[in-house]
Amino acid sequence: MYVADNKRYDSMQYRRSGRSGIQLPAVSLGLWHNFGGVDHFENSRAMLRRAFDLGITHFDLANNYGPPYGSAEETFGQILKKDFLPYRDELIISTKAGWDMWPGPYGDLGSRKYLLASLDQSLKRMGLAYVDIFYHHRPDPDTPMEESLGALDTAVRSGRALYAGISAYNAEQTAKAVKILRDLGTPCLIHQPKYSMFVRDPEQGLLDVLEKEGVGAIVFSPLAQGLLSDRYLKGIPSDSRAARDFFLKKTDVEKDKLAKIRALNELAADRGQTLAEMAVAWVLRDPRVTSALVGTSKVSQVDDNVAALKNLKFSAEELRRIDGILAGTHPSQSAR
Ligand SMILES: NC(=O)c1ccc[n+]([C@@H]2O[C@H](COP(=O)([O-])OP(=O)(O)OC[C@H]3O[C@@H](n4cnc5c(N)ncnc54)[C@H](OP(=O)(O)O)[C@@H]3O)[C@@H](O)[C@H]2O)c1
């Protein structure tokens, strides 16, 4: 029987999600990869246990995480039943709908029909009475925002979700969505954008909107799916995401990027961190970021990513060096 570490709240840092009552761990764990029906159940279970033992109270899912679609929620449901039911009130569990899930016109995008049916399916797969956060996974340009967000409002009012969130909405769409949700009486708790040293779009207005509106930001893929680590320094390991050549392509590990990764790796070493740790620390340097939403394939990666919290401070010089490396102008890259 799993008994959670009684020191689990001793060192994790918690950050408030915007102007809400919810605090999230500075590092959260996502189940996009490595929790599907094709993956090793005991490894998935060990990562979740380790995460919770380290104070990671937030696990992030979506209807179509797997493969196959739905299977990450099923795996999570089984682990919840075996290990985490006594801790349900210590957990923030989220799911989403908005990408393709089932065939036909009602299994994708942003209709009320799709979102509410999908949430019911997710609850069933996970064996939950409610999720803590239900997200619209991406904006749907062909459905009125009022309809998609109205479905989130219904999800909350009907008790199937405690809070509403949005993902991948740009700054302008976010400002509109936040107002619609507020007018409906279900404030937007959090936004889930992609953000890392390699993908800095949220700096172009989105984080400003979230700060102004009092909405949290949980940023996904802070390691750029593993590129921002030492994983690819000596080629593409056979057990890596790039080796699967699907969501992260072998061609993403190209020469230019590797030169940047090498230079960043050296800078991380100067800070006494692994590159993965520095990548997590870098997104958390901005106080508007509530949580870094990482993925992992091994228990050791859970430990490494949480170890980032030991050093979240960057000097102005370090930040300048990072910007130089990312822009390709840092001298350490031309030397290679
Ligand atoms: N809202 C959305 O549209 C959206 C989209 C994508 C993701 N997400 C959420 O964000 C979560 C995280 O996304 P992600 O998995 O792309 O995040 P990520 O943290 O950028 O990448 C995770 C991958 O990086 C590698 N890794 C992790 N820690 C490492 C370490 N310490 N050292 C070396 N390598 C390490 C592992 O790759 P290997 O497998 O190669 O070991 C791991 O699978 C997802 O699970 C999901 O919950 C949301």
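S28 belongs to strand 3, which covers residues 27-30. In this predicted model, S28 has a relative accessible area of 0% and is therefore buried, since a residue counts as buried under 20%. The side chain of S28 forms a polar contact of 2.6 Å with the side chain of S291. Apart from neighbours within four places in sequence, the residues in contact with S28 are I56, H58, I218, S291, A292, L293 and V294.

F35 is placed in the loop between strand 3 and helix 1, the latter being residues 41-53. The relative accessible area of F35 is 0%, so this residue is buried. What does F35 touch, if residues up to four places away in sequence are not counted? The list consists of L29, G30, S44, M47, L48, S71, A72, T75 and T296. With one of these contacts, M47, a distance can be given: the C-alpha atoms of F35 and M47 lie 9.6 Å apart, and the two residues are twelve apart in sequence.

T296, which F35 touches, is located in the loop between strand 10 and helix 10. Is T296 buried or exposed? T296 is buried, because its relative accessible area is 2%. When residues up to four places away in sequence are set aside, T296 touches L29, H33, N34, F35, M47, Q301, V302 and N305.

A4 lies in the segment before strand 1, and strand 1 comprises residues 14-16. A relative accessible area of 7% makes A4 buried. Its contacts, not counting residues up to four places away in sequence, are F52, D53 and Y87. Between the C-alpha atoms of A4 and H33 there are 24 Å, and the two residues stand 29 residues apart along the chain.

**Two helices**

E317 is part of helix 11, residues 316-327. Its relative accessibility is 42%, and E317 therefore counts as partly exposed. The C-alpha atom of E317 is separated by 26 Å from that of L293, a residue 24 places away along the chain.

Why is helix 9, residues 275-284, described as largely enclosed by the rest of the structure? The reason is that ten of its ten residues are buried. These buried residues are L275, A276, E277, M278, A279, V280, A281, W282, V283 and L284.

**The surroundings of the ligand**

How many residues surround the ligand? There are 31, and the closest are D60, S167, S221, R241 and S297. By class, this shell holds eleven nonpolar, 14 polar and six charged residues. Polar atoms of the protein that approach the ligand include those in the table below.

| Residue and protein atom | Ligand atom | Distance |
|---|---|---|
| S297, polar side-chain atom | oxygen | 2.7 Å |
| N305, polar side-chain atom | nitrogen | 3.0 Å |
| A224, polar backbone atom | oxygen | 3.3 Å |

The ligand taken alone would expose 910 Å², and the protein buries 96% of that area. Helix 7 (241-244), strand 10 (291-294) and helix 10 (299-307) are the elements that give two or more residues to the shell around the ligand. The greatest share comes from helix 10, which gives three residues.

**The chain as a whole**

The protein chain contains twelve helices and ten strands. The C-alpha trace spans about 60 × 45 × 40 Å along its principal axes. For a compact globule of 336 residues the radius of gyration would be near 20 Å; the protein chain has 19 Å and so agrees with that expectation.

Of the 336 residues in the protein chain, 57% count as buried. Among contacts between residues at least 6 apart in sequence, 76% join residues at least 24 apart.

Terms used: Residues numbered from 1 in each chain as written. Predicted model: local features only at pLDDT ≥ 70, side-chain atom pairs only at ≥ 80, totals over all residues. Heavy atoms only, no water. Near = heavy atom within 4 Å. Polar contact = N/O pair within 3.5 Å; in protein donor to acceptor, adjacent residues only side chain to side chain. Areas by Shrake-Rupley, 256 points an atom, 1.4 Å probe, with all protein chains shown as cover. Helix = DSSP H or I, 4+ residues; strand = E, 2+ residues; numbered from the N terminus. Nonpolar A, V, L, I, M, F, W, Y, C, P; charged D, E, K, R; others polar. Buried < 20%, exposed > 50% of the residue type's maximum accessible area, 1.4 Å probe, protein only. Contact = heavy atoms within 4.5 Å. Rg over C-alpha atoms; globule rule 2.2 N^0.38 Å.
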